[in-house]
Amino acid sequence: MIADEWFAHARPEQYPLAAPRDTWLVIGGRGSGKTRLGAEWINALARGFAPFARARHGRLALVGETLADVREVMIEGPSGILAVSRRHRPRYEASRRRLVWETGAVAQVFSSEDPDSLRGPQFEAAWCDELAKWRRPQETFDMLQFGLRLGPRPRQIVTTTPRPIPLLRRLIDDEQVTVTRMRSRDNAANLAPGFLAAVERRYAGTRLARQELDGELIADRADALWTRALIEAAAGPPGPLGRVVVGLDPPAGGRGRGALCGLVVAGLEADGTRAVVLADGTLEAAQPRAWAERAVALYHRHAADAIVAEVNQGGQMVSAVLATVDPTVAVRPVRAQRGKWLRAEPVAALYQQGRVRHAERFAALEDEMCDFGPDGLSQGRSPDRVDALVWAITELMLAGRGEPRIRDFV
């Protein structure tokens, strides 16, 4: 029925009569309809439906943060390709990582974790989802561009909630890119009753609301210790490691549900000149047992030498709780004598000197780093991840404790 077709439900920004340029960047808040648009666009190309296509496209690419995200959001999600295929649903072949339409069109699945998988294949069009969350955004995007070389007009759509990563900024500034912006409120008719009222009541006026609901790209804080460019320059694989520690910033007593326990794993390269951030295991933990179990698990997983734990709030309780999980774990209690900003400044200086590397991208940690100013985070939350990072890097690079032992990096 005509009433079931996409044009009967789409908003004007989701159904442009004037064709977007070859790269269409759709920036939107949570639930704004950007995933639905991406799914409708790629399905229309596979079937040759106007206004997105004048002819059928045969070779397509679906690129997400992980393979699981492509399958669970882009293909099988409630706004994914299978859900929007009202007739003749395509067949997903998980073993071959591809989606096949009855028209013969094939969409291959790729992950931002493996840019090299895009070497070789070639496409007429691609859908890139949540680009701002990609693990290796620039490398993955670059490899995709070399593969967009089939048909009379290779093109791509990029759908994402914004984060100020360099690649997204470059796309916004590119005159050859069509940029469409959508707010969560624009799609209120398709969201759960009460959702917008609840999140707006809780987050109204905050940077988080401007980014996650209004789809606004929030620039780095002018007074933040870290910038996106600084962190981008720190990305790269580590060398052989010596010491490894787990930085632990436990929730203050009585914070209750919603409190975060900062947990960051970092290692020291064998020559002692550079630290490497290996993992962000921060979690919401109302009970001490939960964060203690996570800390001990990270300790063993990364063959760490010690858990460096702040004890200002918990005192001996922190070590005691960790001992109930595993009494053999080495715990190094540390007590803050200065404010968070003053403790973090020497660590930020190490980043500026190129002496800290990130083994992979840690979106939540990096967001917090770039929002950490003299008065803390802009939303008044505790910088739990930054605290844990600072304790770990300080122990490795600034405390001058012990000689590293060589180990294999896994």
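Two strands pair if DSSP finds at least two bridges between them, and strands here are DSSP runs of E with at least two residues, numbered from the N terminus, while helices are runs of H or I with at least four. With that in hand, welcome to this structure, which is a predicted model: local features need pLDDT of at least 70, side-chain atom pairs count only at pLDDT 80 or more, and totals for chains, interfaces and linings use all residues. Residues are numbered from 1 along each chain as its sequence is written, and side-chain values use heavy atoms, with hydrogens and water left out.

**The sheet**

Let us start with the strands. An open sheet is formed by 8 strands, in the order β3-β4-β5-β2-β6-β7-β1-β8, with mixed pairing. At its edges lie β3 (91–93) and β8 (177–182), each of which pairs on one side only. From one strand to the next, the twist averages 15°; for such angles, axes are lines fitted to C-alpha atoms, for helices over the stretch in contact, and angles run from 0 to 180 degrees between N-to-C directions.

**Helices α4 and α5**

Helix α5 (residues 166–173) packs against helix α4 (residues 137–147) at an angle of about 50°, and their axes are 9 Å apart. The two helices are therefore oblique to each other (under 35 degrees counts as roughly parallel, over 145 as roughly antiparallel, 65 to 115 as roughly perpendicular, and the rest as oblique). On the α4 side, the contact (heavy atoms within 4.5 Å) involves P137, Q138 and F141, and on the α5 side L167, R170 and L171.

Helix α5 also packs on the sheet, where it touches β1, β7 and β8. The direction of α5 makes about 115° with that of β1.

**Cysteines**

Finally, a look at C128 and C261: are they buried or exposed? C128 counts as buried because its relative accessibility is 0%, and C261 is buried with a relative accessible area of 0%. The structure holds 0 disulfides, a disulfide being a pair of cysteine sulfur atoms within 2.5 Å.

Definitions and conventions: Buried means under 20% relative accessible area, exposed over 50%, partly exposed in between (1.4 Å probe, protein chains only).
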